[in-house]
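Please report on the fold, the packing and the chain contact of this two-chain model. Keep it brief, and give the cut-off behind each term.

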Amino acid sequence: MIWIIGKREFVAMFQAPLAWVILAVIQFILGYMFLTNLDNFFLLQPQLMTLQNTPGVTDIVVAPLMQVAAIILLMVMPLLTMRSIAEEKRNRSLTLLVSAPLSMTEIVLGKFAGLMLFVLVLVSMLMLMPLSLYLGTTPDSGKLLSIYLGMLLLLGAFSAIGLYLSSLTENQTIAAVGSFGILLMLWIIDWLSESVTSGQSLLAYLSLLGHHESLLEGVFDSSDIAYYLLLIAAFLGLTIRQLDRERLL
Amino acid sequence: MTETLIQVENLSRYYQNHRAINQLSFTLKAGEVLGFLGPNGAGKSTTMQVISGNLAPSDGEVKIAGYDIIDTPREAKSQLGYLPEHPPLYRDASVDEYLGYCARLHRIPRTAIKAALSKVKAQCGLETNGARLIRNLSKGYQQRVGIAQAIIHDPPVVILDEPTVGLDPIQIREIRDLIRSLGSERSVILSTHMLSEVQATCDRVQIIRAGELIYNASTESLNHRHEISCRIALRKVVNIEELTALAGVEQAEALGDGRYRLVFGADVTPDALVANAVQQQWGLYELIPEQQSLEDLFIELTQHEADNAK
């Protein structure tokens with residue numbers, strides 16, 4: 001059931017032009033970034049050869065690329081997630097799912113599965129660029145895998161937050177602005193921590209991108225994975241609760 | 001055929017402090033078409049939403065084919081097809097895509113979907129529209145897609161909330177025929193504020209006002225219960241006394257220009273009038289029954305309540 005809703009959501013995304021435009025624009029911009037990074041690498045290469053324990057091509061080209069990708073997607077994901085429930089509320093088509101023999105959990109997980117399918121396509125397309133490095137050199141496969149996983153988890157968290165905001169309102173713009181606000185806040189939340197000593201570790205722990213960085217460096221820390229999984233579970237739980245609550249109002 | 005498919009008991013529903021439904025109880029038996037009638041804002045749609053599980057009841061219980069909508073929602077909902085006031089359509093999908101999705105949501109096995117789809121499209125007159133996008137369909141056809149969505153999984157109970165609103169007269173007639181054909185194999189609840197619709201399609205009528213059930217009877221008994229009135233036109237001028245003296249006539253009223261309005265008692269046919277008219281050469285050239293009994297009853301009941309409220 002979750003799969004059926006997910007597939008329908010995925011198809012519906014591509015029935016509107018927005019998904020295509022987002023994929024194209026992101027691919028273009030990041031392709032350009034990839035070329036610049038690669039150019040930098042060629043400039044740095046002579047110096048790198050003289051050093052010991054030098055960062056490899058994965059660290060210099062791929063990790064910064066994905067860091068930029070994360071920030072761009074932080075702004076773009078709200079545009080994708082805003083419609084998922086808000087639009088159905090406005091068109092009053094949510095009734096179709098609610099009247100069908102499905103639980104609220106299945107509906108929300110189905111919506112999330114649809115978004116994750118899109119994320120999978122998006123990240124896989126982005127990963128084609130680092131994979132092209134195999135043509136000329138040998139990037140660190142372990143690191144690439146860790147980066148891939150990191151992107152999926154990060155975008156999964158973006159999607160779950162966006163889904164929750166979308167369930168709060170009928171208005172897509174409000175959903176987009178709201179989830180953008182939350183994502184931005186979770187990004188900058190640890191900027192304060194350098195001057196404030198108490199609670200520093202808590203704020204640093206809450207930061208969305210902080211956990212992403214270690215994955216980009218190829219450090220597979222289970223606490224980072226747990227952070228993302230907990231975040232996703234929490235916001236999906238909130239979404240289910242919100243939709244259940246609306247039946248009581 | 002006497003199986004109870006919907007059982008509503010002491011159902012109440014509040015929106016904050018506003019009471020939309022108050023202690024509503026009724027049942028729907030298998031093979032029955034029930035008309036749910038009431039002025040706007042009487043609580044019809046709220047009742048439909050509660051029965052279909054889209055709103056939680058504040059108090060009381062709803063059972064569909066024996067399954068409680070709160071305790072066992074999945075089983076209850078699988079017995080139910082629901083067309084809300086605004087059909088829940090995906091405007092960017094084609095009719096086939098949309099109905100196929102609905103079929104899968106209702107757990108119709110993959111191999112049976114195609115057959116279910118062509119059956120439901122034939123029932124709703126959508127055979128030629130399968131590939132069209134829903135947003136390009138006219139309102140009447142969108143409404144048909146909405147009905148198709150409600151019956152695709154062959155549910156024993158179908159709930160239709162104002163299915164003919166905003167349609168042209170020909171479409172209304174077609175939808176009514178469709179509803180009547182549904183009623184032959186399923187139980188249907190039809191919510192409407194159009195009286196003629198209930199008279200045309202329903203076996204039983206319930207009138208609801210301000211969230212309370214104020215009338216419940218079969219449509220047939222309704223037509224008999226009330227006195228019948230006729231308008232007649234005569235070429236010859238006749239005294240009112242002569243008309244009131246006729247057997248079965250309870251009241252007569254001159255409308256001028258040789259026209260009269262006669263009220264007959266319950267279950268009386270205007271035999272005496274016609275016999276007299278022929279005998280005494282009144283020149284009877286018009287005899288029009290005024291079949292507005294349901295309308296009268298509706299206004300009478302709802303007005304009465306409104307007066308009480310003042």
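The report below covers the model, each chain, the central sheet, the cores and the contact.

**Basis.** This is a predicted model, in which local features need pLDDT of at least 70, side-chain atom pairs count only at pLDDT 80 or more, and totals for chains, interfaces and linings use all residues. Residues are numbered from 1 along each chain as its sequence is written, while chains are lettered from A and ligands numbered from 1 in the order in which they are written.

**Chain A.** Chain A has 11 helices and zero strands. Helices (H or I, at least four residues) and strands (E, at least two) are DSSP runs, numbered from the N terminus. The C-alpha atoms of chain A fill a box of roughly 70 × 45 × 30 Å along the principal axes. The radius of gyration is taken over C-alpha atoms, and the globule rule is 2.2 Å times the number of residues to the power 0.38. For 249 residues a compact globule would come near 18 Å; chain A has 20 Å, which agrees. Buried residues make up 38% of the 249 in chain A. A residue is buried if 20 or more other C-beta atoms lie within 10 Å of its own, exposed if 12 or fewer, and partly exposed in between, with C-beta atoms placed from the backbone. Contacts need C-beta atoms, placed from the backbone, within 7 Å. Of the contacts in chain A with a separation of 6 or more, 79% join residues 24 or more positions apart.

**Chain B: domains.** Chain B is divided into domain 1 (4–79 + 155–223), domain 2 (89–141) and domain 3 (226–294). These bounds come from an automatic or database domain assignment. Over C-alpha atoms, the centres of domain 2 and domain 3 of chain B are separated by 53 Å.

**Chain B: the sheet.** Six strands form an open sheet with mixed pairing, in the order β6-β7-β8-β3-β9-β10 (chain B). β6 (80–83) and β10 (212–218) of chain B stand at the edges with a single partner strand each, so one side of each lacks a neighbour in the sheet. From one strand to the next, the twist averages 15 degrees. Two strands pair if DSSP finds at least two bridges between them.

| Strand pair | Sense | Bridges | Opposite residues |
|---|---|---|---|
| β3(B) and β9(B) | parallel | four | B:L37 and B:I207 |
| β7(B) and β8(B) | parallel | five | B:V157 and B:S187 |

Strand β3 (residues 33–37) of chain B is mostly covered, with five of its five residues buried. B:V33, B:G35 and B:L37 point one way from β3(B), while B:L34 and B:F36 point the other way.

α5(B) lies across β6 and β7 of chain B, at about 165 degrees to β6(B). Helix α6 (residues 169–183) of chain B touches β3, β7 and β8 of chain B, and its direction makes about 150 degrees with that of β8(B). Axes are lines fitted to C-alpha atoms, for helices over the stretch in contact, and angles run from 0 to 180 degrees between N-to-C directions.

**Chain B: an exposed loop residue.** B:A131 sits in the loop between α4 (113–123) and α5 (139–151) of chain B. Is B:A131 buried or exposed? B:A131 is exposed, because 9 other C-beta atoms lie within 10 Å. Leaving out residues up to four places away in sequence, B:A131 touches B:S94 and B:D96. B:A93 lies 38 residues from B:A131 in sequence, and 9.2 Å away, C-alpha to C-alpha.

**Cores.** In soluble globular proteins, nonpolar side chains tend to be buried together. A nonpolar core here is a set of buried Ala, Val, Leu, Ile, Met, Phe, Trp, Tyr and Cys residues joined through C-beta atoms within 7 Å. The largest holds 129 residues, of which A:A157, A:A160, B:Y98 and B:I159 touch the most other members. This core draws at least three residues from each of domain 1 and domain 2 of chain B. A second, separate core of 10 residues includes B:V238, B:L243, B:A252 and B:F264. Beyond its neighbours within four places in sequence, A:A157 is in contact with A:L208, A:Y228, A:L231 and A:I232.

**The contact between chains.** Chain B supplies 22 residues and chain A 17 residues. On the chain B side, α2 (73–78) and α3 (95–105) are the elements that give two or more residues. α3(B) gives the most to that side, with four residues.

Methods:
Contact = placed C-beta atoms within 7 Å.
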